[in-house]
Amino acid sequence: MEKKINQLFEDQKSVHVLYSYNEMESYIKQVVNYIREGIFAGDYVILIENDRIYPLIEKELDILLSKDQMKLVHRINNFDFYYSSGSYHPPAIQDYFNKTVQPYVENKTSFRSWAHVEWTTMKDPLHLIEDFEKVVDEAVNQLSFPLICAYKGERMPEYLKTILMETHPYVLVEDDLIASEQYHPSNDRK
């Protein structure tokens, strides 16, 4: 993974990647590698993660990174991020994200982001995820930063998998980065 994905980030800063995971051990390995490689590349890392998993990630990072390097990791609770308005509401999420990245953009500071996307129930309308991913895809291209969106594979119905393949130009599969053949750039979408 590391060489291909990091080469892609060097060649093209605007990279929106879908990562579907099943095993927690693989998830932790991927997110830790992404953060470590980002820090080594001189990026700040915005990590949108839940309170259960973050301590596991932090434990691994504490072994690999110095205290100063750890200061480059900006962690946001993913529940607060996705439900800042009390429900999964894309405009509110977008506002939260814009406020988060604004200092990096204004200071022309290089950053990357990892977002662990979760929802409390399947009652949350999946079309909201589609709307949000379209907005995020545009933001990645406008602001020129890499973003990996992580979803738990077993919680993704086929309809959602299709949406995610259409809204992410790249897919991280195990340690390989592949182009999504179903991807439609935001300006090509109806």
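Biologist: Which element gives the most to the lining of the second largest pocket?
Modeller: Elements are DSSP runs, numbered from the N terminus: helices (H or I, at least four residues) and strands (E, at least two). A pocket, on a 1 Å grid over the protein atoms alone, is an open set of points where a 1.4 Å probe fits, with protein on both sides within 12 Å along at least five of seven lines; lining residues have an atom within 4 Å of a point. With 8 residues, the top giver to the second largest pocket is α7.

Biologist: What is left out of the side-chain values in this predicted model?
Modeller: The model is predicted: local features need pLDDT of at least 70, side-chain atom pairs count only at pLDDT 80 or more, and totals for chains, interfaces and linings use all residues. Residues are numbered from 1 along each chain as its sequence is written, and side-chain values use heavy atoms, leaving out hydrogens and water.

Biologist: Which residues are closest to the centre of the second largest pocket?
Modeller: That pocket holds about 230 Å³ of space. A volume is the space filled by probe spheres set on grid points, joined across faces, edges and corners. Of its 19 lining residues, the closest to the centre are Gln94, Phe97, Val135, Val136 and Ala139.

Biologist: Which elements give two or more residues to the lining of the largest pocket?
Modeller: The largest pocket has a volume of about 280 Å³. Its lining has 15 residues, and among the closest to the centre are Tyr19 and Glu174. The elements giving two or more are β1 (15-21), α2 (24-40) and β6 (170-173).

Biologist: Which residue in β7 is the bridge partner of Val171?
Modeller: Strands pair if DSSP finds at least two bridges between them. β6 and β7 (residues 176-179) run antiparallel, joined by 4 bridges. They form a hairpin with 2 residues between them. Val171 has as its partner in β7 Ile178.

Biologist: Is Asp43 buried or exposed?
Modeller: Asp43 sits in the loop between α2 and β2 (44-49). The cut-offs are buried under 20% relative accessible area, exposed over 50% and partly exposed in between (1.4 Å probe, protein chains only). Asp43 has a value of 2%, so Asp43 is buried.

Biologist: What polar contact joins the side chains of Asp43 and Arg112?
Modeller: A polar contact is a pair of N or O atoms within 3.5 Å; within protein, one must be able to donate a hydrogen and the other to accept it, and residues adjacent in sequence count only if both atoms are side-chain atoms. The side chains of Asp43 and Lys13 make one of 3.3 Å. For Asp43 and Arg112, the contact is 3.0 Å.
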